[in-house]
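Work through the following exercises with the sequence and the model side by side, and try each task before reading its solution.

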Amino acid sequence: MVGIILITHGSFSNEILRSAELVVGPCDEIKCITLQREENVEDKNELFKKYLEEVDKGDGVLVLVDLLGGSPCNIASLNIRNFNYKTLTGLNFPMLLEAINSREEVDLEELTKLCYEAGREGIKNINELIK
């Protein structure tokens with residue numbers, strides 16, 4: 001099973017995981033890292049490395065961050081050569097649900113592709129669909 005780490009500004013990662021668990025039930029091997037304005041990025045990077053080791057059971061880790069170029073993304077980028085993980089930006093609900101539902105059935109490479117597509121496909125203009 002692919003492990004998952006969510007890294008976001010504020011408590012977004014905790015809350016989106018709580019929302020996902022309302023839909024799919026309790027989830028194992030998922031860690032959340034929140035980043036507040038006053039917190040040290042280096043401390044969060046150490047926590048990230050600790051979580052990578054905790055959730056990687058041999059199949060790798062998918063890291064989902066909220067925003068390209070933000071501090072959460074920078075934390076994920078710092079260790080990309082030293083650990084087995086893939087990172088996607090633009091964390092949204094469809095992306096997370098896909099990650100949770102598919103991570104036992106596909107490898108890390110395929111899961112990354114599925115989550116990327118789910119994130120993109122989850123964005124719809126309802127007014128255009130109803131016309």
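**Exercise 1.** In this predicted model, does C27 count as buried or exposed?

*Solution.* The cut-off for a buried residue is under 20% relative accessible area. C27 has a relative accessibility of 15%, so C27 counts as buried.

**Exercise 2.** Find out how many disulfides the model contains.

*Solution.* Begin with what the word stands for: a disulfide is a covalent bond between the sulfur atoms of two cysteines. The pair is counted when the two sulfur atoms lie within 2.5 Å, and by this rule the count comes to zero disulfides. For C27, the nearest cysteine sulfur is that of C32, 9.8 Å away, and C27 is in no disulfide. For C73, the nearest cysteine sulfur belongs to C115 and is 16 Å away, and C73 is likewise in no disulfide. C73 is buried, with a relative accessible area of 8%.

**Exercise 3.** Describe helix α1 and work out which of its residues are buried and where they lie around the axis.

*Solution.* Start with the helix itself: α1 runs over residues 12-24, which makes 13 residues, and it reaches 18 Å from its first C-alpha to its last, close to the 18 Å expected. Its buried residues are S13, I16, L17 and A20. They cover an arc of only 100° around the axis, which puts them on the same side of α1. An α-helix has 3.6 residues a turn, so residues three or four places apart point the same way. On the other side of α1, R18 and L22 are exposed. Finally, look at what covers the buried residues of α1, which includes β1 (3-9), β2 (30-35) and α4 (93-102).

Note on methods
Residues numbered from 1 in each chain as written. Predicted model: local features only at pLDDT ≥ 70, side-chain atom pairs only at ≥ 80, totals over all residues. Heavy atoms only, no water. Helix = DSSP H or I, 4+ residues; strand = E, 2+ residues; numbered from the N terminus. Expected span 1.5 Å × (residues − 1). Buried < 20%, exposed > 50% of the residue type's maximum accessible area, 1.4 Å probe, protein only. Arc of directions from axis to C-beta. Contact = heavy atoms within 4.5 Å.
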